[in-house]
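Me: I have a structure open and a few questions about it. Can we go through them one at a time?
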Amino acid sequence: MFDTLKGKTVLVTGGNRGIGKSIVKLLAQYGLNVAFTYNHNEAQAIELINSLNFEGVSVHPYKMNLENEEEIYTVVERIEADFGGIDYLVNNAGIIRDSYMLLMSTSDWNKVLSTDLTGTFLLTKEVLPLMLAKKSGAIVNISSIAGLVGVEGQTNYCAAKAGLIGLTKALAKEVAGKGIRVNAIAPGYVETDMISGIDINSNSEYLEKIPLKRVANPDEIASVVLFLLSEGASYMTGTTIEVDGGLTN
């Protein structure tokens, strides 16, 4: 099921930490050439590169700000030159700026929307022509259960992640006839820096709401990305898969 992925090129945004780092490592393990982006902390990106040792696989980092349209254009151009094209895209990068709406600044609203939603639009718009030229490809957008059920104190993040689900459904219909699939993943709580301020695994208030009684490991999200890129998901498009331990059931 995964053999057809070998030798293909995938672009992963926000690949230097958290879920993105697990995605980069797993896809490289399965023989994909991986271009990944980061906006801050070049040291993390280099550390990830040095930790990988997969024969015949190329993995390269690219600094890119999803709020900068010109930078997005330049990085996609560089990746195309370095790898000869882009077969798959994983829109993973995202930020949070949490606050209750009455206390939220316009800049924090705009920052989250421009990075988590508009940035995905801008990057996907640049990558799509490369897939259309081959009449094949797959895109996976990392949304969140926050975009499905809403989370108190995260109106900006919830709006962006709900927007990603809508984007996924609409784009899937636009490009289905061109051999391109577009799906989304909505993770629940995942053991990453984003929830570092909450010790959920030892907090019964949170765990009681999760049927599996634990948070996810980033690798468990990465494995769903691998599946959605593979031929095993060849009849799936416009779908949002909830990976949340049963939280939203």
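Me: How many aromatic pairs does the count come to?
Reply: The count comes to one aromatic pair. Keep in mind that this is a predicted model.

Me: How are the rings of Phe2 and Tyr30 placed?
Reply: Their centres are 5.1 Å apart and their planes stand at 70 degrees. Planes over 60 degrees apart count as edge-to-face, so that is the label for Phe2 and Tyr30.

Me: Which parts does the pair tie together?
Reply: Phe2 is in the segment before strand E1 (9-12), while Tyr30 is in the loop between helix H1 (18-29) and strand E2 (33-38), so the parts joined are 28 residues apart in sequence.

Me: And what does Tyr30 count as for accessibility?
Reply: Tyr30 counts as partly exposed, with 29% relative accessibility.

Me: Helices now. At what angle do H4 and H6 cross?
Reply: The axes of H4 (residues 106-134) and H6 (residues 155-175) cross at roughly 20 degrees and come within 8 Å. Angles under 35 degrees count as roughly parallel, so H4 is roughly parallel to H6.

Me: Left-handed or right-handed?
Reply: H4 passes H6 in a right-handed crossing. Residues making the contact include Trp109, Leu113 and Phe121 of H4, and Tyr157, Leu164 and Leu171 of H6.

Me: What is the contact of H4 with H6 like by class?
Reply: It has 13 nonpolar, five polar and three charged residues.

Me: Last topic: what about the phi of Lys135?
Reply: Lys135 is not a glycine, yet its phi is positive, about 55 degrees. Lys135 sits in the loop between H4 and strand E5 (137-142).

Me: Buried or exposed?
Reply: Lys135 is exposed, at 64% relative accessible area.

Methods:
Residues are numbered from 1 along each chain as its sequence is written. This is a predicted model: local features need pLDDT of at least 70, side-chain atom pairs count only at pLDDT 80 or more; totals for chains, interfaces and linings use all residues. Side-chain values use heavy atoms; hydrogens and water are left out. Axes are lines fitted to C-alpha atoms, for helices over the stretch in contact, and angles run from 0 to 180 degrees between N-to-C directions. Helices (H or I, at least four residues) and strands (E, at least two) are DSSP runs, numbered from the N terminus. Angles under 35 degrees count as roughly parallel, over 145 as roughly antiparallel, 65 to 115 as roughly perpendicular and the rest as oblique. A crossing is left-handed if the near helix is turned anticlockwise from the far one by less than a right angle, and right-handed if clockwise. Contact means heavy atoms within 4.5 Å. Ala, Val, Leu, Ile, Met, Phe, Trp, Tyr, Cys and Pro count as nonpolar, Asp, Glu, Lys and Arg as charged, and the others, Gly among them, as polar. Rings of Phe, Tyr and Trp (its six-membered ring) pair if their centres lie within 6.5 Å; planes under 30 degrees apart count as stacked, over 60 as edge-to-face and the rest as tilted. Buried means under 20% relative accessible area, exposed over 50%, partly exposed in between (1.4 Å probe, protein chains only).
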